[in-house]
Amino acid sequence: MVEPKKALLASAQAELKQVLAQLEEAKSNLKAVNDKVAKLEADLNAAIEKKEELAKKSADCTVKKERADKLIGGLGGERKRWEETVQSLGVDLMNVVGDVLVSAATVAYLGAFTSDYREVMVKEWNELLITGNIPHTPNCNIHTTLSDPVKVRTWQIAGLPSDELSTENGLIMSKARRWPLMIDPETQANSWIKTLEKANNLEVIKITSATYLRSLENGIRFGRPVLMESVGEELDPALEPLLLRITFKQSGQEMIQLGDSLIPWHSDFKFYMTTKLRNPVYKPETAVKVTLLNFAITTDGLQQQLLGVVVSEERPDLAEAKNNLV
């Protein structure tokens, strides 16, 4: 009785072992399938992310392309202007020698003269340029060569008269190396300088003042502009080092001697001089130390100034349009 049961037990155990082996094989196959599914899901997620990234890049490229098309369309009309500008600059470069020659001569020699005499001299210089075959812009002058509309407009806002002579004087003053001495019987230049340098703490002095040298010393030391009013036909010899800008180094610092005092030189210092004399006579040794500028009003200059006032009062729209263009 026992033997048949043992045989049945052995058979059952063998069958169990076989079933367990099949179960392990099934589990192994299931694991492999699950791993494959997980890998496919990961690949799917990566593909979806890549698709979304490419879609975003495509949208960005589309937007950039639309903007580029608009930009190209907007700048397409500028091509002609750029070509004309390049051509104009090329011509200016060829003519720079003659243009600068006339402007430099104007700065050096014509400041003390009236507008009529300046026009005659500039015309004569242009004729000499033609005779000497020197490249230059036809009818070149200091306005066409050195004028900056924005800077000129700033001067006019500060009170510089709008006539051509005053603008020319402003250009000469801004380019000259010597300090300006302005012939200003109507005090227009005086008022302009006071307004122009007001924000820089301009100090106004007179040569008749007993303390004017001390005021000059402070201006030189702290870099403040100084305006000397009512200058006569003779300048104080004590001003010569200042007029000639005779500076020297002492202990690594730039110094200047004014009278008996040694003063540190400040690079921001500016010095202006005005005289109310209508027709002063300065000695050559004085004239070469300053830049003489004639601000005396002439008939033509007065007409130009009055025209500017009339336009501002009667047609403010035109005046505003002019300012906007600048």
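## Close-up views of a predicted model

**View 1. A salt bridge joins E197 and K270.** The side chains of E197 and K270 form a salt bridge, with N and O 3.6 Å apart. The model shown here is predicted. This pair links distant parts of the chain, 73 residues apart. E197 sits in the loop between α7 (188–196) and β2. K270 sits in the loop between β6 (261–264) and β7. E197 counts as buried, at 2% relative accessibility. K270 counts as partly exposed, at 39%.

**View 2. Five strands form an open sheet.** The strand order is β2-β3-β7-β1-β8, and the pairing is parallel. The edge strands are β2 (203–206) and β8 (291–294). Each of these two pairs on one side only. From one strand to the next, the twist averages 25°. Strands of a sheet pair through backbone hydrogen bonds.

**View 3. Strands β3 and β7 run parallel.** Strand β3 covers residues 226–229, and strand β7 covers residues 271–275. Three bridges connect them in the parallel sense. L227 stands opposite Y272 in β7.

**View 4. Helix α6 packs on the sheet.** This helix spans residues 164–175. Helix α6 touches β1 (180–183), β7 and β8. The direction of helix α6 makes about 170° with that of β8.

**View 5. E168 and R118 pair between two helices.** E168 forms a salt bridge with R118, and their closest N and O atoms are 3.1 Å apart. E168 belongs to helix α6, while R118 belongs to helix α3 (residues 115–131). The partners are 50 residues apart and link distant parts of the chain. E168 counts as buried because its relative accessibility is 10%, under the 20% cut-off. R118 also counts as buried, at 2% relative accessibility.

View 6. K289 forms a salt bridge with E240. The closest N and O atoms of this pair are 3.4 Å apart. E240 is partly exposed, with a relative accessible area of 33%. The structure holds 10 salt bridges, the K289 and E240 pair being one of them. Side chains of opposite charge can pair when their charged atoms come close.

Technical notes. Residues numbered from 1 in each chain as written. Predicted model: local features only at pLDDT ≥ 70, side-chain atom pairs only at ≥ 80, totals over all residues. Heavy atoms only, no water. Pairing = 2+ DSSP bridges. Helix = DSSP H or I, 4+ residues; strand = E, 2+ residues; numbered from the N terminus. Axes fitted to C-alpha atoms, helices over the stretch in contact; angles between N-to-C directions. Contact = heavy atoms within 4.5 Å. Salt bridge = Lys/Arg side-chain N within 4 Å of Asp/Glu carboxyl O. Buried < 20%, exposed > 50% of the residue type's maximum accessible area, 1.4 Å probe, protein only.
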